[in-house]
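Student: I've got a two-chain model open and I'd like to learn how to read it. Can we go through it together?

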Amino acid sequence: MAGHSPGSGSHETDDLTIGEAATRLRSRSLTSSGLLEVVLDRASMTEAELHCFLTIDHEGARTAAAAADDRLAAGRPLGQLDGIPVAVKDNFCTRGLATTCSSQILAGYRPPYDATVVTRLRQAGAVLVGKTNLDEFAMGSSTENSAFGPTRNPWDPSRVPGGSSGGSAAAVAIGSVLGAFGSDTGGSIRQPAALCGVVGMKPTYGLVSRYGLVAFASSLDQIGPLGRTVSDALDLFEAVAGPDPLDATSYPEPLPDIRSHLDRGMEGLRVGLVEELGGEGYEPAVSAAVGDMMARLEKEGAEVSEVSLPSFEVALSAYYLIAPAECSANLARFDGVRYGLRVGGSTVEEMMALTRAEGFGPEVTRRILLGTYALSAGYYDAFYGQAQRVRTLLINELNDAYRNVDVLVSPASPTTAFALGAKTQDPLSMYLADVCTIPSNLSGHPAISVPIGLDPDGLPIGFQVMAPALGEPRLFRVAAAVERLAEFKARPAMVGRS
Amino acid sequence: MNWEPVIGIEVHVELRTASKMFCGCAVSFGEDPNTNVCPTCLGLPGALPVINATAMDWIIRIGLALRCEITSHSVFHRKNYFYADLPKNYQISQYDLPVAINGSFDVTVDGEELRVGIERAHMEEDTGKSLHQGEGGRIHAATATLLDFNRSGVPLVEIVSRPDIRSPAQARAYAQDLRALVAELGVSDARMEEGSIRFDANVSVRPYGSAELGTKVEIKNMNSFRSLERAIAAEIDRQVGLGERGETVIQETRHWDEDAGVTHSMRTKEGSSDYRYFAEPDLVPLAFDADSVRLLQSDLPELPADRRRRYAAMGLDEHAVAVLAASDSSLRGLFDLTVEAGSDVAVAANWITGEVIAAVRRAGQSLDDTPLTGAGLADLLSMVGDGLLSSSAAKDVLTGVIRGEGSPREVAANRDLLQVSDRSVIEAAVTQVLASQPEAIARYRAGEGKVLGFLVGQVMRATGGKADPKLVNEELRSQLG
């Protein structure tokens, strides 16, 4: 039985949001080093049970916090994130710091360079606490596919935190960091955010550089923030977003103002609830909570309606052809030749085959095989080709829908956190966890999950808002309104114990 | 049975851009291994490609020089296969939407012109280099393989011809002329021995007169123009032999063995490799705007075939056309300027490909470093034509001009090389010599024609070697009667 407790914990520095911490750091009522010790303390109390992190960089973090304190003492903070402890998913390259993608094939691998997002975080003065656990190569919806053991949900450690960015979501939920970053290819930020009761956002494709993000599916992957509040998520997003010459798919224009939209409320906005993302297979408490929020939005002045998007029914199938196809090529580089695991063989081919057989887990292997098949001669048109055509139809359908609504909404996940091991025997049932989130990856549109309540088991429910491409201003505006209306203040019971 | 060879050539040209195709690493030959590398060209996790715009301009120039259509919409594809020197185990290449298509290239073979169709030219990235340690440097007997990724990611243009070539000699000429074109465009060093240009051949045979194509075999490992010609000839022989015996040709890739003089089968594969091509999701499709393409077109140098035609139209004979067309650009430039300044075309070509080259070489310089201009050379040649200089004197004047002694007229005057053509001066000199050579006159009139030569010599001596010998000769005959 999951526990939850209202209000904050025993420390006065416990459970600060980024906004609160940044204020106190600037007023010097709090130091970055002090704040760091609090979160490291929280981590040390909870890691044995939750396993959010694969690497905690004590030395690096303390050095960064000390440097932040120098700047803060001199009254010259680099920005909102200066001195704030954050974590990044272990598929982000961090120079000199282990980057494993939760895979044996990269066990001990230390990149010689930082991902652009990591560089920008350092330039913003953020304190990088460590690298968080994930499903191997970001493939999964529960973090059970990690080669180094699963992460557990802080609300109920017998349950999954969601995936693939389960470590980041859990770390934010438990307060081992004030903010984190994940990657979202089919929902891997939003779904774990929903299951862990935090805010998780996937930007418009191209707004955040993918340089240094170990690629899973290149046309779908996006880096995004996880935070306790919508405002925190925006702070994190703004620190890393913007054009990058090292990423040819990077959107070339600077970010517009988003923050001033947070307080604008719902008056005059048209909100469409996606019909296809509900009904059978959806936990009743989830559907009820979403329906309840729709009513509250309407009271706030929104024009609510139901919208049908038939292509959403086949989005999952299209995704599970496109993503594996791209991943089969993206993961071909792991061959034992230049870095990572190498298993000896009598020929180069044998070495490559044995290395990959030993280094990759079953889900990764499954997707590589699926993807190779979908691209192969004689099958390309029926599978990969067809899936891309479906993708275009979905994009057209969404663009049509946005003529009549400003945002689309749905649950972020059909269910709340399920038990560890509940879906591992049936890959397809695990794939269904992504049905709400996948359409936004296929379309490249932005989407966000906001916690709005708990189910009867005390498990968090996430409300998803979706917007058209480059619709971040209205996305955050609606998310902020939802957050205000939900008044979700619950914290995992484990927080009280530390 | 008469067999007709059908040959197509695939050329890979390494572009000598400052940096690689998809990253900022330097393109440089002969460096220490693995010193021009970065996450992108090493295929490290998380790395991404970014397009080299100059390389794209250069492939468009190659396409335009080959009279191709530049596609308005071009896409990069991933070509997937596993190999240790291919870091990502896929190569970023192009599949069905290459940059350039449907062109042609005119080649001269034994004085005749052959037009070879160009199927396509596309852009791809080069792989790293495998250095197999062990017997023969080949993979089969290797004890280990060393990998050097300096070459990984270098821009590579692949040019595919139509199977319009019909003999090993034509194939060689195509290869040589294409190499010269690429070098002239300045886009590549194009040195076979360095690997900056590579040739593969597709060879098939069919009975003469048949419209169907035979099974084609790909030939690799031809490292010189000579071995290209030999390898294709050997392969034609092999296929004809099979055909005569009623055996079938297997579609495969064969490796040319320079020492043994034969091709060996590299691998037997059912059908062709499945590269599982799909559009590169890390790169945005390319759209070439018409104005930029037009600008690149207008900037192209004169193409070799067009130049040969221009020389022929000027009236130069076949030999002169060939020699001049094969000369370097500064010599050819001098020719154009000399003709522009009024010289006779044949005379100018003759001097430039002969005396000018020799004189420049004697001076130990390159033509561009000398003060010789087209106008100056034209003036020098006109002095010869007008009889102001003998041919041998003109060679001395040329030497002087190249040494910086001044204009041809200045040098001729300073070195006292001006020929005397004034008839009255010559008349007087002849009269004077004849007056002192009664014996020679008598012998001449008795029928000894060769005495004339002696007398010419005498007049030349009397005039300090400067009399126009032709006029002296005429004057002597006239005075001797």
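This is a predicted model: local features need pLDDT of at least 70, side-chain atom pairs count only at pLDDT 80 or more; totals for chains, interfaces and linings use all residues.

Student: Where does A:S164 lie, then?

Tutor: In chain A, A:S164 sits in the loop between β4 (127–132) and α5 (166–174). Now look at the backbone there. Most residues other than glycine have a negative phi, and most peptide bonds are trans. The bond joining A:G163 and A:S164 is cis, with omega about 10°.

Student: Which residue of chain B has a positive phi although it is not a glycine?

Tutor: B:N34, at about 55°. You'll find B:N34 in the loop between β1 (3–14) and α1 (39–42) of chain B.

Student: Why does A:E487 count as exposed?

Tutor: Exposed means over 50% relative accessible area, and A:E487 counts as exposed because its relative accessibility is 60%. B:N34, at 33%, is partly exposed.

Student: How do I read the interface?

Tutor: The size of an interface is often given as the accessible area lost when the parts come together. Between chain A and chain B, about 2,600 Å² is buried, 62% of it from carbon and sulfur atoms. A:A248, A:R333 and A:R338 supply 22% of the area that chain A buries there, more than any other three residues.

Student: How many salt bridges are there between chain A and chain B?

Tutor: One. A:R210 pairs with B:D282 in a salt bridge, with the closest N and O atoms 2.9 Å apart.

Note on methods:
Residues are numbered from 1 along each chain as its sequence is written. Chains are lettered from A and ligands numbered from 1 in the order in which they are written. Side-chain values use heavy atoms; hydrogens and water are left out. Buried area is the accessible area (1.4 Å probe) that two parts lose on being put together, summed over both. A salt bridge is a side-chain nitrogen of Lys or Arg within 4 Å of a carboxyl oxygen of Asp or Glu. Helices (H or I, at least four residues) and strands (E, at least two) are DSSP runs, numbered from the N terminus. Buried means under 20% relative accessible area, exposed over 50%, partly exposed in between (1.4 Å probe, protein chains only).
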